[in-house]
4 protein chains.
Amino acid sequence: MKTTNKLKIFNDPIYGFITIPSELLFDLVEHSYFQRLRRISQMGMSYMVYPGAHHTRFHHALGCMHLMQKAVQSLRFKGVAISDDEEEALYIAILLHDVGHGPFSHAMEHSIVDAVSHEEISLLFMEQLNIEFHGRLSLAIQIFKGEYARKFMNQLVSGQLDMDRADYLKRDSFYTGVAEGNINSERIITMLNVKNDELVVEEKGIYSVEKFLVARRLMYWQAYLHKTSLVAEQLLIRVLQRAKEVVNTDDSLKASTALMYFLTHKVTRDEFTKEVLTTFSLLDDYDVVSAMKEWQYHNDVVLAKLCTMLLNRDLLKIKLKKQPINQEKVSQKKEEIAKEMDIPYDLARYFVFSGEIQNQAYNQEKQNIHILTKNGKVVDVVRASDQLNLEALSKPVTKYFICYPKG
Amino acid sequence: MKTTNKLKIFNDPIYGFITIPSELLFDLVEHSYFQRLRRISQMGMSYMVYPGAHHTRFHHALGCMHLMQKAVQSLRFKGVAISDDEEEALYIAILLHDVGHGPFSHAMEHSIVDAVSHEEISLLFMEQLNIEFHGRLSLAIQIFKGEYARKFMNQLVSGQLDMDRADYLKRDSFYTGVAEGNINSERIITMLNVKNDELVVEEKGIYSVEKFLVARRLMYWQAYLHKTSLVAEQLLIRVLQRAKEVVNTDDSLKASTALMYFLTHKVTRDEFTKEVLTTFSLLDDYDVVSAMKEWQYHNDVVLAKLCTMLLNRDLLKIKLKKQPINQEKVSQKKEEIAKEMDIPYDLARYFVFSGEIQNQAYNQEKQNIHILTKNGKVVDVVRASDQLNLEALSKPVTKYFICYPKG
Amino acid sequence: MKTTNKLKIFNDPIYGFITIPSELLFDLVEHSYFQRLRRISQMGMSYMVYPGAHHTRFHHALGCMHLMQKAVQSLRFKGVAISDDEEEALYIAILLHDVGHGPFSHAMEHSIVDAVSHEEISLLFMEQLNIEFHGRLSLAIQIFKGEYARKFMNQLVSGQLDMDRADYLKRDSFYTGVAEGNINSERIITMLNVKNDELVVEEKGIYSVEKFLVARRLMYWQAYLHKTSLVAEQLLIRVLQRAKEVVNTDDSLKASTALMYFLTHKVTRDEFTKEVLTTFSLLDDYDVVSAMKEWQYHNDVVLAKLCTMLLNRDLLKIKLKKQPINQEKVSQKKEEIAKEMDIPYDLARYFVFSGEIQNQAYNQEKQNIHILTKNGKVVDVVRASDQLNLEALSKPVTKYFICYPKG
Amino acid sequence: MKTTNKLKIFNDPIYGFITIPSELLFDLVEHSYFQRLRRISQMGMSYMVYPGAHHTRFHHALGCMHLMQKAVQSLRFKGVAISDDEEEALYIAILLHDVGHGPFSHAMEHSIVDAVSHEEISLLFMEQLNIEFHGRLSLAIQIFKGEYARKFMNQLVSGQLDMDRADYLKRDSFYTGVAEGNINSERIITMLNVKNDELVVEEKGIYSVEKFLVARRLMYWQAYLHKTSLVAEQLLIRVLQRAKEVVNTDDSLKASTALMYFLTHKVTRDEFTKEVLTTFSLLDDYDVVSAMKEWQYHNDVVLAKLCTMLLNRDLLKIKLKKQPINQEKVSQKKEEIAKEMDIPYDLARYFVFSGEIQNQAYNQEKQNIHILTKNGKVVDVVRASDQLNLEALSKPVTKYFICYPKG
């Protein structure tokens, strides 16, 4: 790949150094769309449980690109042909795979733009950048959309063992200190191969895959779906929902220009024009937190209370159950709270609510992890394993939660 | 120390677990003054060089308290009497030693409240908390101010080998990935002792002290005074200075209530009333970044340009020199820039400027590191060392910088 | 616990520092029985696969004692009463639990003293030391034998979650570089509690237990039962068996005094007198390796060949299968080899052989891991888990191997 | 470089994976000369202080080769031409640079073969291997001897910043747990360049060089010259010297064939024939330790006592001084000991002795570290530094020791 004096090296506490492999990639990193990711935290509200978890999507995206470099190197070493154009396209696709995330990531998808996923927005950004860079992202976009003939390339970007997961599990484990999630990304990458244009793992890597699936499962329950992160995220969703209601009647509500746009417009996939995209590109965690800092003094008690709770980490009580929550209990709690807080019963839903969360360590039906046996056969990892625990891990686990104010 | 069900454990990727040792400390951690530190980054703008450096003063303060627990344990093991009250006071003093930091820490001291240091503000916060907690912080305040008879206690909070440095060097090294700064805090703490109410290091710890001083020197030049961090901080100072000017003539300038207060009031030490303190307690990194996000579209070109530079990390060029900068060269550059940007010469100072930075790994004159020899004598570490390199390290190093827009 | 100037601190790359907590423990560490463990490798022949795995049983035993100190501290903090005598006894019991290991540990149990386990010999050593130390090990011996009333103490020394496993998984993972086995011992210990004099894990620690069981399973298949370690160990057993045969007819066979004793005597449990124990205490890895270095030039071709193979790491080929090995194939291979090497068919068994290995990550029938739920109930971890994978892990996995010379 | 199915990957806890880059290198690793290094410990007797320090010269040599691969990659990336033949020669030279070490390394050079250095023996081994491999090591030997035109290649193998030091400091720090010695080898390698066929460090790497020199100094005083390692090594030298004396009068002294040869022959450089080399190739740590295990029961009290001391780690007392030891005090101590142990005065020298040790962190006179400034000039690191501490570090430090039996 051609290189210039625009080369840059980033320090990374996990991999040591991350190199930007080409001028085009350098220009993409420098672009304000990508620089915005410096202001989007990778783990949303998880820092409320794990005070070290302040790393950003910027850092994660660079880490993914670093691992993709390792993967290309390893696959080529095994004789898998990857052209220079394909190589660069892989780096672009993984670098930008999350560029469409909004503030606090998942919370936003349920409040600001509930009809549009972050993957769709990432694609919109890529297409916009493709115009700016005169079509040089076309191949990357094909790979990202899964439309490129060589299927394994899409699997490296978005699959059961993609570079996204390979980085985020390791990185989130590092910054939270939850050692359970620490996977050996480098080892897994060393074990990858390609058979019939599909990504496979060599047989001797089967224990690393097992470790990977277990680590992922544990990170879900100990970090991503930790009950404190969960309740914080739920509160954040409600802050934004409430703000949308309040703004209808109170046009003095303070918010940044970009945030105000999304509070006052219902944006669906079809309406996501270039102008909307530009506004979206100005939105990050800082808009939301600063707004909450103002709103904590707003005279809408619901909005003010929700904001205060989040800013001072004085959250609702949350209980996790293996069985669905009894809705009568929820109603009863709501009545109590409405009385106590002196608010209409209808508004109690902001402080008393239930829901469910689910995780499936390995989803056999969607996309498989294939093992390449020593005899050259390709089998699903569940069948290749010497134990039934992987089959067990492919069953989804559902938990139910109820939240309400502390005594 | 009495414990209750308010005990809490934090996950820390560095020490594993951090325990809150008493109910009072728990209440202080929960207080909104302290929770605010979750929104103050420890290393200011350094994440522009080291993308992992997003850790906060909240996390650092907890880390310091953890190390103080280790120090108390180690000193008691060696027979140093420390009462339960003194123990808790030490934890309080170190927990709150940085509570007075403003947004982006050091930048603020030169722009928002230039006449008041963060240590003074920390003390104001402590005194306010002391009222709220009915005098239970009195001993901690005495120790913090260096007015308590047992001098070593103040040295543990604020000295050459205090728990502050012991944590921040290790933590900043961890999050940046600059391995050069990684010190063995635990080992140093194990080597501490007390002689004549002064903190001393046992002779066998002398190499650890040497390592510590070198690590500190290297962290200064590779991280804290890294030229990119430096130029970013200088720009941030100028953003706030310019905003103060602009707000005089443009009362539509957007800013959070708290930030607006400090932009429009000159606050000296004497005027730092409880009300000012309350306003200050609402100020954090989010106010500043959000303001910049609005100001990048302001029609004052200087303010807008400075903000854009910081948000998109498109900074000024900076050169470091061993000799003072020729001021004629600065003037000449200013003229060029004024012309190029079509701004008055006077405003070119926002884009072209020079200055100096200094670091002294070990300052023998201010406060010494004392070594306790095997014969029971106390000597300065420079004299106890078997080599002259420590003497060399006690000479200050000065560098000079000039900043101006890229070609 | 009373302490004296005999206190000692060991550097440990894993835990930082390991402290010897009392004078008696110091004297036990200094004893030649314990110092011998410096010459017994922890992982036997595994260094042939993992060149870093040269750590010793000496280091492991110290590590276990360190973790036991953490466990005592944590349990006391939760209100579990542990007297000073019990505390010291726990440290002694775990320090000495492996003192009966012979050279290359498990290989020896199948060749030098095949009728006596290392646990039995550890007990013999403890009883001998108890005489030397005037009965001060009595309580430790009771705990070790499981005869002490407070059952959880034995479980800390020898159970599903004992300090032995907590150290060796972490340590072996560290020295081999097999990250899959790295467990968070400190976290698991923090989660331990005692209910009805039985060791239990608090409910929130359930994912750590799951991680622990998976890590253990992976370390078995990737390290302890790695096919190269396996074949090396099988060869070592055969070296010693062959030496026993050869010495019958060739009294010039060179060996250290201690090794010669065990080559020429059949030692059963009943014959393990104090004299035999003393001879055993002189035996370590060095006797065996030095003997092999001489024997590689012996004129018994079988013995010489086996030794050469091990010393130059030029081992037999090994194949692992999920099905039992066809014995006809073994016989056929033996015939080929006998011809090729020009040895009697009967001796071909030294170079062609089959066998089986088994591992069970969690054995529900032998000893359980109990979870203490938030409601105070005690349930088996398999029942407490939110997924069936732990049940799957409690099924034993068997593999079959065949070894024969390389083409 | 041509690769075959002889490729092999080693697990390394420090670098993750170490790859054998060619068939020839694979064959050299497999050779019994190199496999012998599995039985030579890297840090001699240091495990007596640092129980984790059991890593071997085998592992270190592989580590060096790994770093050399990184160096070649980095230099080529910067445009330094390195042919495929030169590349392989560099790997061979560094792989074999220590192959001539005897048991317990440095101790041996003062007892077994006192007239021949390990570097000379390494060269003899290389020349022997060159014959076996039909001249394919010729270029490697030229580089090793410093006779190849491109001087920087020799500097990578044996210079101030060679791959030997880059590995051993990091590795010894890792296995001992002495964090002070942990250097960032990868960063230093990234900073290397070549100017006028000499190895230089880019200016921005100057702090890494400073860190490296300080780390090296600290490892000398905290590990390599630690007083316990020192006294153990001195005792080991005396064990072998005494054995040489005893064997003159007692031909029943037990020792392995190889060790016996060196005890009974004075081997100078000229007499180091192929036969002697073959005998030397059979000698390793196991010969020496096994011999001591027999000799501890020998009737020569001096020999027996020295061996017992080492095996049970019951060493002499040692004192380090900044001033030379008063020889009268030594004589007096000898008289006391002769009386106490009931041995002739002349033999007391085995238990009472003095000596000196020296370390120089940076030797400006022998071989320099050159810094390549941004202007393209080459200057010595001492001149390029912004502080005088590097000049201070280039002054040698001498300490004096006296050893004698404990009270």
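The legends below describe close-up views of a predicted model.

**View 1. The annotated segment of chain A.** UniProt, in an unreviewed entry, lists residues 53-178 of chain A as "domain: HD/PDEase".

**View 2. Packing of helices H4 and H7 in chain A.** Helix H4 (residues 84-95) of chain A packs against helix H7 (residues 138-145) of chain A at an angle of about 65°, and their axes are 8 Å apart. The crossing of H4(A) and H7(A) is right-handed. From H4(A), the residues in contact are Asp85(A), Glu86(A), Ala89(A), Leu90(A), Ile92(A) and Ala93(A); H7(A) contributes Leu139(A), Ala140(A), Ile143(A) and Phe144(A). Sorted by class, this contact of H4(A) with H7(A) holds 8 nonpolar and 2 charged residues, with no polar ones.

**View 3. The side of chain B that touches chain A.** Here 31 residues of chain B are in contact with 32 residues of chain A. Elements of chain B that give two or more residues to this side are strand S1 (9-12) and helices H2 (32-35), H3 (57-77), H9 (163-176) and H15 (285-295). H15(B) gives the most, with 6 residues. By class, this side of chain B has 12 nonpolar, 13 polar and 6 charged residues.

**View 4. The side of chain B that touches chain C.** In this view, 4 residues of chain B are in contact with 4 residues of chain C. Strand S2 (16-19) and helix H10 (185-191) of chain B are the elements that give two or more residues to this side. Its classes are 1 nonpolar, 2 polar and 1 charged residues.

Notes. Residues numbered from 1 in each chain as written. Chains lettered and ligands numbered in written order. Predicted model: local features only at pLDDT ≥ 70, side-chain atom pairs only at ≥ 80, totals over all residues. Contact = placed C-beta atoms within 7 Å. Helix = DSSP H or I, 4+ residues; strand = E, 2+ residues; numbered from the N terminus. Nonpolar A, V, L, I, M, F, W, Y, C, P; charged D, E, K, R; others polar. UniProt positions renumbered as here; feature names shortened; annotations may be inferred. Axes fitted to C-alpha atoms, helices over the stretch in contact; angles between N-to-C directions. Left-handed = near helix turned anticlockwise from the far one by under 90°.
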